[in-house]
Amino acid sequence: MLQFMLLFSRQGKLRLQKWYVAHPDKQKKKITRELLAILLARKPKMCSFLEWKDLKIVYKRYASLYFCCAIDQNDNELLTLEIIHRYVELLDKYFGSVCELDIIFNFEKAYFILDELLLGGEIQETSKKNVLKAIAAQDLLQEDDAVEIALKELGLV
């Protein structure tokens with residue numbers, strides 16, 4: 001089971017965080033700070049897995065973003081790497097070659113895509129097609145709501 005997922009830039013700016021195990025905010029900040037320091041100091045040719053405290057850390061860098069997951073000791077690192085890759089593929093499909101700015105300005109969509117893929121730290125949907133369908137349906141609902149609000153503001157409804 002995933003304990004948490006962090007997305008951060010090469011400059012160490014946290015862009016997205018999803019915690020599947022409850023921690024106090026102070027501890028979350030400490031964990032994030034420690035992992036950022038460790039992962040940013042690693043060389044590009046180094047292994048994407050490391051043991052940290054009682055967890056395994058699995059990470060991958062895509063362009064200017066690091067995707068980092070913490071898993072239990074008995075979980076499969078390669079499966080976690082595949083989950084990260086699947087998430088990046090979904091982001092790429094939705095945003096069309098995702099970049100850090102897409103995550104910054106559309107963080108709610110990034111979280112929504114992650115929530116469609118993972119539930120409670122476990123993989124929820126393996127089909128990219130099904131996840132993209134759910135996202136498209138949500139986009140349609142948001143558009144309908146926006147149209148309805150605009151019509152109400154204009155006094156047409």
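Q: How are α2 and α5 oriented to each other in this predicted model?
A: Angles under 35 degrees count as roughly parallel, over 145 as roughly antiparallel, 65 to 115 as roughly perpendicular and the rest as oblique. Helix α2, residues 77-95, packs against helix α5, residues 128-153, at an angle of about 45°. The two are therefore oblique to each other. Their axes lie 11 Å apart, and α2 passes α5 in a right-handed crossing.

Q: Which residues of α2 and α5 make the contact?
A: From α2 come Arg86, Glu89, Leu90, Lys93 and Tyr94. From α5 come Lys128, Val131, Leu132, Ile135 and Asp139. By class, the residues of this contact are five nonpolar and five charged, with no polar ones.

Q: At what angle do α4 and α5 pack?
A: Helix α4, residues 107-117, packs with α5 at about 135°, and the axes are 10 Å apart. α4 and α5 are therefore oblique to each other. The crossing of α4 past α5 is right-handed.

Q: Which residues of α4 and α5 meet?
A: Lys109, Phe112, Ile113 and Glu116 of α4 meet Val131, Ala134, Ile135, Gln138, Asp139 and Gln142 of α5. The residues of this contact divide into five nonpolar, two polar and three charged.

Q: Which residues does UniProt list for the domain "AP complex mu/sigma subunit"?
A: The unreviewed UniProt entry gives residues 1-140 for this domain.

Q: How much of the chain is helix and how much is strand over residues 1-140?
A: Over that range the chain is 47% helix and 26% strand. The end C-alpha atoms of the range are 32 Å apart.

How values were computed: Residues numbered from 1 in each chain as written. Predicted model: local features only at pLDDT ≥ 70, side-chain atom pairs only at ≥ 80, totals over all residues. Heavy atoms only, no water. UniProt positions renumbered as here; feature names shortened; annotations may be inferred. Helix = DSSP H or I, 4+ residues; strand = E, 2+ residues; numbered from the N terminus. Axes fitted to C-alpha atoms, helices over the stretch in contact; angles between N-to-C directions. Left-handed = near helix turned anticlockwise from the far one by under 90°. Contact = heavy atoms within 4.5 Å. Nonpolar A, V, L, I, M, F, W, Y, C, P; charged D, E, K, R; others polar.
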